[in-house]
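Student: Hey, can we go through this protein together? I'd like to start with how its pieces get their names.

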Amino acid sequence: MTETIPVPSDIAKNAHIDAETYQRMYKASVEDTEAFWRKEGERIDWITPYTRVKNTSFQSPNVYIRWYEDGTLNASANCIDRHLATRGDQTAIIWEPDAPTDEAKHITYRELHEKVCRFANVLKELGIGRGDRVVIYLPMIPEAAYAMLACARIGAVHSVVFAGFSPDSLANRINDCDAKLVITSDGAPRGGRTTNLKDNTNSALLHCKESVKCLVVRRTGQQVAWNAGQDYWLDALEATVDADCPPEEMGAEDPLFILYTSGSTGRPKGVVHTTGGYMVYAAMTHKLTFDYKDGEIYWCTADVGWVTGHTYIVYGPLANGAISLMFEGVPTYPDAGRFWAVCEKHKVATFYTAPTAIRALMGKGDEPVKAHDLSSLRILGTVGEPINPEAWRWYDEVVGAKRCPIVDTWWQTETGGHLITPLPGATPTKPGSATTPFFGIKPAVLDANTGEVLEGATEGVLVIADSWPGQMRTVWGDHQRFVETYFQHYKGYYFTGDGCRRDEDGYYWITGRVDDVLNVSGHRMGTAEIESTLVAHPAVSEAAVVGYPHDIKGQGIYCYVTLMSDKEPSEALRKELSDWVRSEIGPIAKPDLIQWAPGLPKTRSGKIMRRILRKIAEDDFGALGDTSTLADPAVVDDLIENRQNRK
Ligand code: WT7
């Protein structure tokens with residue numbers, strides 16, 4: 001029996017949405033979806049109001065998704081200009097630097113306006129205009145938000161690349177979207193260490209067109225290698241441009257950004273989000289999921305390199321005129337109390353983080369939490385992977401002192417915003433469950449093999465039956481891949497790639513990916529991507545990568561490697577391969593375990609049987625299932641023996 005935690009009565013009383021409202025509004029939202037979203041579209045400011053609301057089809061091969069398609073707007077004006085009259089002097093962004101001894105910054109909406117306008121004019125000076133792609137490779141500094149909003153202001157399409165990605169990953173993304181410009185900084189301080197971002201960018205640009213320009217933000221003041229004619233300092237150009245830049249009038253379906261994410265096959269794909277529907281969905285979910293109230297300090301600890309940072313640090317909060325905290329550092333620097341010190345210092349009301357961070361901090365005990373005054377906290381959130389009930393309870397009891405509702409928000413890069421989540425004033429919670437669908441969302445559970453719709457309490461794959469405004473529109477440059485990845489497995493449904501259970505109360509429990517995608521510390525990694533990197537190493541003949549349970553990361557990266565016949569396994573080679581993956585993709589892809597595999601278990605048609613590899617990685621040798629279809633069943637015994645001897 002799982003316990004149900006009721007909504008605290010003081011929260012319910014003052015919430016935007018209470019239980020009764022949720023029921024009524026949810027029903028209306030799925031019964032007359034069009035009317036519902038027609039009204040909700042008014043949350044944001046339009047230049048030309050829309051008359052058409054929804055024009056979507058999930059029927060492959062003819063999949064198209066259009067929302068508010070005849071409306072026009074500007075996303076940056078929605079995040080800035082429309083607040084100037086009412087809250088120009090209110091803080092928009094609080095920036096907390098990596099080192100607690102450095103000074104925090106408070107940027108008002110009026111200052112944000114000037115910063116973004118100047119930045120936008122610099123972009124124009126560099127020849128960037130409507131529809132051009134700009135890659136942003138920056139640490140968590142206010143300029144990252146300015147850069148995104150400046151692109152939005154002039155109609156350029158940004159693609160933020162997480163600063164932890166390698167030069168190779170950066171180059172691939174610049175080339176895939178054919179960016180004209182990359183924005184980076186001299187260095188990126190994080191956890192007391194500095195990454196030389198400009199050096200990384202220089203290495204990346206060796207593999208890109210010579211015409212790609214580089215705009216550099218001064219963060220650390222360190223020396224950088226400079227390419228005259230290609231590189232520009234932001235501060236130098238900013239001083240030469242106008243402090244005002246009128247926002248471009250954009251169509252609702254003009255792309256706002258591209259964000260690369262890993263899938264089960266091939267290279268990361270460019271998820272495309274457009275302007276109108278995304279902004280409506282970002283603003284609405286931010287306001288209702290976090291029950292955001294004017295003047296509250298809201299902190300999402302994600303990095304802007306991920307979709308969470310796009311929707312819930314920049315676009316959602318700023319569209320709502322919120323005070324959004326941006327943190328440059330890490331949870332454990334200078335010590336395990338940093339998150340709580342920041343909450344206390346800035347009187348944070350909403351705190352939104354990932355299960356991996358909660359588990360890591362839980363491991364440091366209660367003391368670092370108890371040492372801080374967390375009475376300003378009102379709402380807690382989690383995102384990125386299923387949260388285990390122990391971590392949920394610790395978050396609830398130790399961090400939230402049992403006063404703060406926890407919103408476990410399930411969503412994806414592709415969904416733009418929350419799809420399944422509690423609402424603080426409306427939804428009783430159950431530790432480990434993302435609970436119930438957001439307005440307008442129609443989840444369904446299907447039998448994985450037959451595709452049959454399963455009713456009531458059940459378990460299967462999670463699909464969504466109809467579109468919502470925040471949904472991705474296409475894969476950049478490859479609409480076919482979009483259709484194949486999301487709409488061909490189960491006809492007429494958006495396939496999430498996740499498995500789930502629905503309980504007797506209609507609550508959803510996400511059980512994790514059912515495809516070959518790993519979730520490592522809340523970051524998505526395609527096994528295919530790591531495998532192709534491993535086999536690109538001269539010593540490697542074949543590789544297979546699976547996930548295995550990891551206490552802190554959720555999943556760890558387990559690599560089975562078959563060496564070229566003239567290579568000998570050694571500790572040195574193991575380290576070399578691990579470093580190779582790290583340098584090729586980025587630190588988040590570094591293997592946790594490499595096991596030498598004399599052979600890999602394959603079917604007679606040559607397909608690697610990952611099911612068996614997963615079981616061996618989990619030390620679950622008794623349940624390997626049927627191995628008789630293997631081309632060479634003996635390889636399994638070798639793998640088990642090597643696993644047991646940790647070879
Ligand atoms: C995958 C999406 C959306 C922002 C962060 C990750 C997993 C995400 C939850 C949650 C269980 C979750 C799913 C999903 N996931 N949130 N609350 N409970 N699982 O975005 O990199 O696109 O990854 O993360 O497996 O498919 P992403």
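This is a predicted model: local features need pLDDT of at least 70, side-chain atom pairs count only at pLDDT 80 or more; totals for chains, interfaces and linings use all residues.

Student: Which peptide bond is cis, with omega near 5°?

Tutor: That's the bond from Ser60 to Pro61. Pro61 belongs to the loop between β1 (54-57) and β2 (64-67). There's also a cis bond from Tyr333 to Pro334, with omega near 0°.

Student: Where is Pro334 found, then?

Tutor: Look in the loop between β17 (323-327) and α13 (338-346).

Student: New topic: the ligand. How many residues surround the ligand?

Tutor: There are 17, and the closest are Asp408, Thr409, Thr413, Asp498 and Arg513.

Student: What does Asp408 do there, in terms of distance from a nitrogen atom of the ligand?

Tutor: One polar atom in the Asp408 side chain lies 2.7 Å from a ligand nitrogen atom. On the oxygen side, a side-chain N or O atom of Asp498 is 2.7 Å from an oxygen atom of the ligand. For Arg524, a side-chain N or O atom is 2.9 Å from a ligand oxygen atom.

Student: How much of the ligand does the protein bury?

Tutor: Taken alone, the ligand exposes 550 Å², and the protein buries 95% of that. Two elements, α12 (307-319) and β26 (508-513), each give two or more residues to the shell around the ligand.

Student: What's the shell like by class?

Tutor: It has six nonpolar, six polar and five charged residues.

Student: Back to α16. At what angle do α14 and α16 pack?

Tutor: Helix α14 (residues 355-362) and helix α16 (residues 389-399) pack at about 75°, with their axes 10 Å apart. So α14 is roughly perpendicular to α16.

Student: Which residues make the contact?

Tutor: From α14 you have Ile358, Arg359, Leu361 and Met362, and from α16 you have Glu390, Ala391, Trp394 and Tyr395. By class, this contact of α14 with α16 has six nonpolar, no polar and two charged residues.

Note on methods. Residues are numbered from 1 along each chain as its sequence is written. Side-chain values use heavy atoms; hydrogens and water are left out. A residue is near a molecule or strand if one of its heavy atoms lies within 4 Å of it. A polar contact is a pair of N or O atoms within 3.5 Å; within protein, one must be able to donate a hydrogen and the other to accept it, and residues adjacent in sequence count only if both atoms are side-chain atoms. Accessible areas come from the Shrake-Rupley method with a 1.4 Å probe; for residues, only the protein chains shown count as cover. Helices (H or I, at least four residues) and strands (E, at least two) are DSSP runs, numbered from the N terminus. Ala, Val, Leu, Ile, Met, Phe, Trp, Tyr, Cys and Pro count as nonpolar, Asp, Glu, Lys and Arg as charged, and the others, Gly among them, as polar. Axes are lines fitted to C-alpha atoms, for helices over the stretch in contact, and angles run from 0 to 180 degrees between N-to-C directions. Angles under 35 degrees count as roughly parallel, over 145 as roughly antiparallel, 65 to 115 as roughly perpendicular and the rest as oblique. Contact means heavy atoms within 4.5 Å.
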